[in-house]
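Work through the exercises below with the structure at hand. Try each task before reading its solution.

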Amino acid sequence: IKVEISASMAVDSVPLLDGKESRAEKTVSSSVGQAVTFITLTTSLCISGAANDLLSKVVANTYTQRFASFVDQGNNIIYAMFSAIPVTYLLVVGGIPEETRQCPQHKYAIMGLLDAFGTYLSSVGAVHTPGQLQTVLGQVLIPISMLSSALMLGARYTWQEMASATTVFLGACVAVGPALLGGSMGTQAWPP
């Protein structure tokens with residue numbers, strides 16, 4: 001009896017004779033695949049985000065405030081092209097559900113307009129803002145977005161989310177404070 005139990009347990013851990021994997025092997029291979037995908041996408045996002053920040057500063061310094069509107073429009077065109085690729089693919093393969101396509105588009109147009117204003121103002125200010133401050137100031141967007149959502153949309157947040165946003169905001173204040181008060185980062189922004 002002991003030999004039969006051991007043999008049946010050993011059979012469970014290897015692929016079956018008809019080529020099917022056991023449930024445990026499928027779970028492990030699925031988890032490994034998801035982890036590899038997650039790490040690959042996270043690394044790609046970090047690299048492309050850093051390249052985006054660096055290239056945005058180079059473009060802002062090259063074209064100066066005088067051409068900020070054109071830089072902003074070029075940026076928006078590139079974003080539109082990059083976002084059109086996956087949307088077009090999903091439309092072709094039928095990956096976008098009908099109820100999603102029926103969603104009111106005017107809300108997205110308003111968000112796009114506000115984003116365009118923010119990008120334009122960033123382009124105007126980027127010329128006179130050191131690169132390290134641009135990254136830190138961009139992080140302040142998180143708590144400001146949360147505050148705006150709470151005031152305008154009635155969004156509710158957990159204490160962990162509010163503590164995280166407060167940490168980001170305080171970190172940005174600590175990082176930007178010396179530059180604003182003492183001009184230690186190559187700029188004398190305050191007092192004017």
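Accessible areas here come from the Shrake-Rupley method with a 1.4 Å probe. The model is a predicted one.

**Exercise 1. State the accessible surface of the chain and the part of it that belongs to carbon and sulfur atoms.**

Solution. Start with the total: the accessible surface of the chain is about 14,900 Å². Then take the share by atom type: carbon and sulfur atoms hold 71% of this surface. Finally, turn to the residues: of the 192 in the chain, 12% are buried. Buried stands for a relative accessible area under 20%.

**Exercise 2. Describe the secondary structure, and say how many helices and strands the chain has.**

Solution. Counting gives eight helices and zero strands. Reading along the sequence then gives the pattern α-α-α-α-α-α-α-α. As for contacts with a separation of 6 or more, 60% of them join residues 24 or more positions apart.

**Exercise 3. Find the salt bridge and say which residues form it.**

Solution. The count comes to one salt bridge. Its partners are E98 and R101, whose closest N and O atoms are 2.8 Å apart. This passes the cut-off, because a salt bridge needs such a nitrogen within 4 Å of a carboxyl oxygen. Next, locate the pair: both residues belong to helix α4 (residues 98–101) and are three residues apart, about one turn of the helix.

**Exercise 4. Describe the largest pocket: what is its volume, and which residues are closest to its centre?**

Solution. The volume is about 2,000 Å³. The lining has 42 residues, and D115, G118, T119, S122 and L141 are the closest to the centre. Two or more lining residues come from each of α2 (23–63), α3 (68–93), α5 (106–126), α6 (131–139) and α7 (141–153). Sorted by class, the lining has 20 nonpolar, 19 polar and three charged residues.

**Exercise 5. Which element supplies the largest share of the lining of the second largest pocket?**

Solution. First, note the volume of the second largest pocket, about 160 Å³. Then list its lining: P143, I144, M146, L147, A150, Y157, M162, A165 and T166. The largest share is that of α7, with five residues. By class, eight lining residues are nonpolar, one is polar and none is charged.

Methods:
Residues are numbered from 1 along each chain as its sequence is written. This is a predicted model: local features need pLDDT of at least 70, side-chain atom pairs count only at pLDDT 80 or more; totals for chains, interfaces and linings use all residues. Side-chain values use heavy atoms; hydrogens and water are left out. Helices (H or I, at least four residues) and strands (E, at least two) are DSSP runs, numbered from the N terminus. Buried means under 20% relative accessible area, exposed over 50%, partly exposed in between (1.4 Å probe, protein chains only). Contact means heavy atoms within 4.5 Å. On a 1 Å grid over the protein atoms alone, a cavity is a set of points where a 1.4 Å probe fits but cannot get out, and a pocket is an open set with protein on both sides within 12 Å along at least five of seven lines; lining residues have an atom within 4 Å of a point. Grid points are joined across faces, edges and corners, and a volume is the space filled by probe spheres set on the points. Ala, Val, Leu, Ile, Met, Phe, Trp, Tyr, Cys and Pro count as nonpolar, Asp, Glu, Lys and Arg as charged, and the others, Gly among them, as polar. A salt bridge is a side-chain nitrogen of Lys or Arg within 4 Å of a carboxyl oxygen of Asp or Glu.
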